[in-house]
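Subject: Structure for your review

Dear colleague,

Please find below the structure that I am handing over to you. My notes on it follow the display.

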Amino acid sequence: MNKYSVFLIASALVGATSAGQNGCRLGKGLFEQRAGLISGGANAAQSSDETIGTKELERINELYFQFLMRVSGENLQDEAESPCCQGTEEDPVARIVCRFARYLKTGRKDRRLLLDSVPADSTGREALWALEPLAYLHAEREPQNVPALFKPSGPVTLYLDELFALVRSGDREAASKYLELYVYADSEHAEEMDDQIASLLRKHLGVVLAEWDIFQAHRKALAKFVAFLSSDERKSMKSQIAKNRACTLHSESCHDLQGLLSVETPLRE
Amino acid sequence: MRDPEPTDRPSSALQAPGVRCESYHRARYYDTTTGRFIKEDPTRFDRGDVNFYEYVRNNPAIAVDPWGYSFLVFDRATGTLSAFDKNNDWVFSCDAGNNVPVNYKPGHWSNGTYKYLHHNFHPPDENSAFGLYGIYVFDVPGRDPGMGVHAGRKNRGGPKYPTHGCVRTTDNCMGQIANLNGKDPLTGITIE
């Protein structure tokens, strides 16, 4: 029995005792089990291990899917917490989803709910990006079988939209957390954020320059954004910024921002 | 699990352990060295002569949905995205790109064959990051969930405009993919 087999058996035992007892409660260590199954797959040597691992991963994904469906579908009175969310603070998926769902269902009144849900470590970010494939687990064959709360886009798309709305309103903490997420974002969600950052610079420059210390502290994020702009786009953005009244009010910050927009990055085709 | 910024990332969200998606599409194998498809008999699955999961288990190169039919091939050298239907027949080809800035560490979409996961809606705007038809997302080990095919940036060069790893094509092409997917469900994509 190799190490991977031992891991799979242990995973199955932990899962059997802790997950799904109330239809939506997530057992402790479920996300870590899932991560272990995914990364263990690359090294699994025996086909029987692979089959067990595949089934276990499918089972865990299904638990998360059911969890998302329940939390999404519940119509709770006032600001009551979902029964599915009780005792799930340690689960990185639940930590995001429970707060985010409450934020949406309570009319976006409590920004703290959303801000406290933003992941600050790599496991949390992994959980955030995983929300979309988990929510769309059955969408390939049943396009309507997705958590309704996040429609028409997926949960990550909506999550970034909501966080960005706070950034746009001048929320310093939201800006800091948003830019930190952008540094680590890849593919679809990074591209969504490209559009949002561009719109921030074009339509809400005053917010950026007024909170420049936050943006300056995330120069890596700004450099990443600029790397995806064409030369013409950088010139056009610089020219538009120069004409903006906010640039006169915050001339030093504006000069700094324009310096960032001057960096050319070649493409790899 | 780590973030994309470090260079060595682990596998993606829904990848089954030990099951790699190399070059299989239901009813055919794609030989990336010859660029040709080798036909299998799809009815063997339909008749139940072959247990798909058993078949997959004994063929670690297979991890593609058995019910899908159409599939896409992106040819990096020609900058072309082609679609093939359930009969392996070519349906259409269009301009596409997979350009990323040189300092973008996660880099291009690596060559290989990847299972189709889902379509995601984004507000239709031909000049936005995604264009008019959202994104078709595939399971790409080693990248965050969200690698896919989309249009967008029409006013800035369209397919040639850089992405964070996705393949960018035209809105016209995405419309054709949507039509094809409606008739023959999309199975996967080969990047070569």
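Predicted model: local features only at pLDDT ≥ 70, side-chain atom pairs only at ≥ 80, totals over all residues.

Chain A contains 15 helices and 1 strand. Chain B, by contrast, holds 3 helices and 12 strands, and 50% of its 192 residues are buried. Taking contacts between residues at least 6 apart in sequence, 63% of those in chain A join residues at least 24 apart; for chain B the corresponding figure is 58%.

The largest nonpolar core comprises 102 residues. V93(A), V97(A), L163(A) and Y178(A) have the most contacts inside it. When residues up to four places away in sequence are left out, Y178(A) touches L163(A), F164(A) and V167(A).

**The barrel of chain B**

Chain B forms a closed barrel of 8 strands in the order 4-5-6-11-10-9-8-12, and the pairing is mixed. On average, neighbouring strands of this sheet are turned by 30° against each other, direction ignored.

Strand 9 of chain B, residues 135–139, deserves a separate look. All are buried: I135(B), V137(B) and D139(B) point one way from the strand, while Y136(B) and F138(B) point the other way. Because 5 of the 5 residues are buried, strand 9 of chain B is largely enclosed by the rest of the structure.

The pairing around strand 9 can be followed from one neighbour to the next. Strand 8 of chain B (residues 112–120) runs antiparallel to strand 9 and is joined to it by 5 bridges; here H119(B) has Y136(B) as its bridge partner. Strand 9 is in turn joined to strand 10 of chain B by 3 bridges, again antiparallel, with I135(B) partnered by H150(B). Strand 10 (residues 148–150) then pairs with strand 11 (residues 167–169) of chain B in the parallel sense, over 2 bridges. In that pair, H150(B) stands opposite R168(B).

**Helix 3 of chain B**

Helix 3 of chain B spans residues 171–183. At 1.5 Å a residue, its 13 residues should span 18 Å, and the end C-alpha atoms are 19 Å apart, which agrees. Its buried residues are C173(B), M174(B), I177(B) and L180(B). They cover an arc of only 120° around the axis and therefore lie on the same side of helix 3 of chain B. An α-helix has 3.6 residues a turn, so residues three or four places apart point the same way. On the other side of helix 3 of chain B, G182(B) and K183(B) are exposed.

Against which strands do the buried residues of helix 3 of chain B pack? They pack against strand 4 (70–75), strand 5 (80–84), strand 6 (90–97), strand 9, strand 10 and strand 11 of chain B.

**Helix 15 of chain A**

Helix 15 of chain A (residues 251–260) has S253(A), C254(A) and L257(A) among its residues, and these are buried. Seen down the axis, the buried residues of helix 15 fall within an arc of 100°, so they line one face of the helix. The face turned away from this buried side carries the exposed residues S251(A), E252(A), H255(A) and G259(A). The buried residues of helix 15 pack against helix 10 (205–210), helix 11 (212–217), helix 13 (231–243) and helix 14 (245–249) of chain A.

**Backbone points to inspect**

- The peptide bond from K151(A) to P152(A) is cis, with omega near 5°. P152(A) is placed in the loop between helix 6 (122–135) and helix 7 (155–168) of chain A.
- R108(A), a residue other than glycine, has a positive phi near 60°. R108(A) is placed in the loop between helix 4 (92–105) and helix 5 (111–117) of chain A. R108(A) counts as partly exposed because it has 13 C-beta neighbours inside 10 Å, and the exposed class requires 12 or fewer.
- R153(B) is not a glycine either, yet has a positive phi of about 55°. R153(B) is found in the loop between strand 10 and strand 11 of chain B. With 25 other C-beta atoms within 10 Å, R153(B) is buried, the threshold being 20 or more.

With kind regards

Definitions and conventions. Residues numbered from 1 in each chain as written. Chains lettered and ligands numbered in written order. Pairing = 2+ DSSP bridges. Helix = DSSP H or I, 4+ residues; strand = E, 2+ residues; numbered from the N terminus. Axes fitted to C-alpha atoms, helices over the stretch in contact; angles between N-to-C directions. Contact = placed C-beta atoms within 7 Å. Core = buried A, V, L, I, M, F, W, Y, C linked by C-beta atoms within 7 Å. Arc of directions from axis to C-beta. Expected span 1.5 Å × (residues − 1).
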